[in-house]
Amino acid sequence: MATSMELRCWGGDWGLPSVHTESLIVLAYAKFSGANITVSPIDRTWRTLTSPVPELVCEGSTLTEPSQILAFLRKQRFNADYELTARQGADTMAYTALLEEKLRPALLHTFWVDAENYSNLTRPWFASRSPFPLNFLVPGRRSNAALSRILLTKSESPLYSITEVEGKIYSEAKECLNLLSHRLGTANYFFGNSPSSLDAFVFGFLAPLHKASLPSSPLQSHLRQLTNLTTFCDNILVNHFSSSRPASPQPVQETMDANLQKLTQLVNKESNLIEKMDDNLRSSPQHIPCRPDAKRRPDANEKSSTPA
């Protein structure tokens with residue numbers, strides 16, 4: 001009997017199964033390795049604040065880091081790296097470390113620190129996916145955590161403020177993208193014709209940057225100049241996620257028309273009921289109400305019998 005596995009993660013948008021980098025890594029690796037995972041988005045639940053994502057739940061065990069989750073899946077015989085050589089395995093570790101050190105700080109800054117992107121895209125998206133009153137808390141907390149992580153890992157003498165660090169992190173991120181583009185070349189995947197864990201990591205880091213409608217992002221502009229990387233992301237979406245993309249929301253006009261139709265039906269029912277009640281009242285026997293006269297007038301017989 002197959003082991004039941006549930007993955008809790010942020011939901012999808014922008015044509016992606018999830019907008020969250022770590023969640024995308026796990027989702028992609030599960031597709032590559034053939035692991036059957038039930039995906040449970042945490043959108044609009046209290047888990048948006050309390051639950052670390054991605055979170056894999058299996059037979060009472062809970063794993064939260066992509067590296068831990070991928071290691072667990074390998075133990076369950078879902079291994080996308082089984083054909084890799086020792087050299088390719090070492091390259092996987094090196095490029096994964098490169099992504100964490102050089103690209104992640106710039107991604108955090110792009111989505112969570114840049115004022116224009118945060119105000120127009122990131123904050124509204126995560127606020128709309130968080131229940132009240134967490135919609136006021138979750139985006140700000142994640143933004144503060146991103147800023148703290150950038151300053152903790154990248155601020156060193158003489159760079160101490162985020163403004164001074166910006167130039168450094170974007171320069172390193174562009175260099176990282178160039179290295180990835182050179183390594184991929186014209187191939188579909190980084191190692192041969194089959195995707196591996198490195199492809200899952202690269203996809204998780206690049207896909208949100210590629211697909212998000214960012215108002216201001218020199219890093220996104222640089223990525224789109226490296227067409228082999230954007231094609232790499234698009235091919236993975238088409239080949240592995242084309243049947244599992246999130247359903248597009250119903251158009252507003254259609255929703256309004258449906259609500260108007262329901263309201264019209266309700267009004268018609270009420271009108272018919274009122275007409276039936278009126279018909280019943282009209283067909284029922286009518287009795288003239290007895291109204292007492294203010295003063296009773298005697299008839300003719302009474303007048304004749306009255307003594308003179």
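The questions below move from the whole chain to one helix, its partner and one of its residues.

Visitor: How many helices and strands are there in the protein chain?
Guide: The model is a predicted one, and 41% of the 308 residues of its protein chain count as buried. Among contacts between residues at least 6 apart in sequence, 73% join residues at least 24 apart. The secondary structure of the chain comes to 12 helices and four strands.

Visitor: What distance separates the end C-alpha atoms of helix α6?
Guide: Helix α6 runs over residues 138-154, and its 17 residues, taken at 1.5 Å a residue, should span 24 Å. The distance between its end C-alpha atoms agrees with that expectation, being 24 Å.

Visitor: Which residues of α6 are buried, and what arc do they cover around the axis?
Guide: An α-helix has 3.6 residues a turn, so residues three or four places apart point the same way. In α6 the buried residues are Val138, Pro139, Ser143, Ala146, Ile150 and Lys154. They lie on the same side of α6, because the arc they cover around the axis is only 130°.

Visitor: At what angle do the axes of α6 and helix α7 cross?
Guide: Helix α7 covers residues 162-184, and its axis comes within 11 Å of the axis of α6, with a crossing angle of roughly 75°. Angles of 65 to 115 degrees count as roughly perpendicular, so α6 is roughly perpendicular to α7. The contact is made by Leu147, Ile150, Leu151 and Lys154 of α6 together with Ile162, Val165, Lys168, Ile169 and Glu172 of α7. The angle asked for is therefore roughly 75°.

Visitor: Is Arg142 buried or partly exposed, and which residues is Arg142 in contact with?
Guide: Arg142 is found in helix α6, and because its relative accessibility is 25%, Arg142 counts as partly exposed. Its C-alpha atom is separated by 9.5 Å from that of Arg123, which is 19 residues apart along the chain. Leaving aside neighbours within four places in sequence, the contacts of Arg142 are Trp10, His20, Trp112 and Phe126.

Visitor: How many disulfides does a search of the whole structure find?
Guide: A disulfide is a covalent bond between the sulfur atoms of two cysteines. Cys9 is buried, with a relative accessible area of 1%, and Cys58 also counts as buried, at 4% relative accessibility. The number of disulfides found in the whole structure is zero.

Terms used:
Residues numbered from 1 in each chain as written. Predicted model: local features only at pLDDT ≥ 70, side-chain atom pairs only at ≥ 80, totals over all residues. Heavy atoms only, no water. Helix = DSSP H or I, 4+ residues; strand = E, 2+ residues; numbered from the N terminus. Expected span 1.5 Å × (residues − 1). Buried < 20%, exposed > 50% of the residue type's maximum accessible area, 1.4 Å probe, protein only. Arc of directions from axis to C-beta. Disulfide = S-S within 2.5 Å. Axes fitted to C-alpha atoms, helices over the stretch in contact; angles between N-to-C directions. Parallel < 35°, antiparallel > 145°, perpendicular 65-115°, else oblique. Contact = heavy atoms within 4.5 Å.
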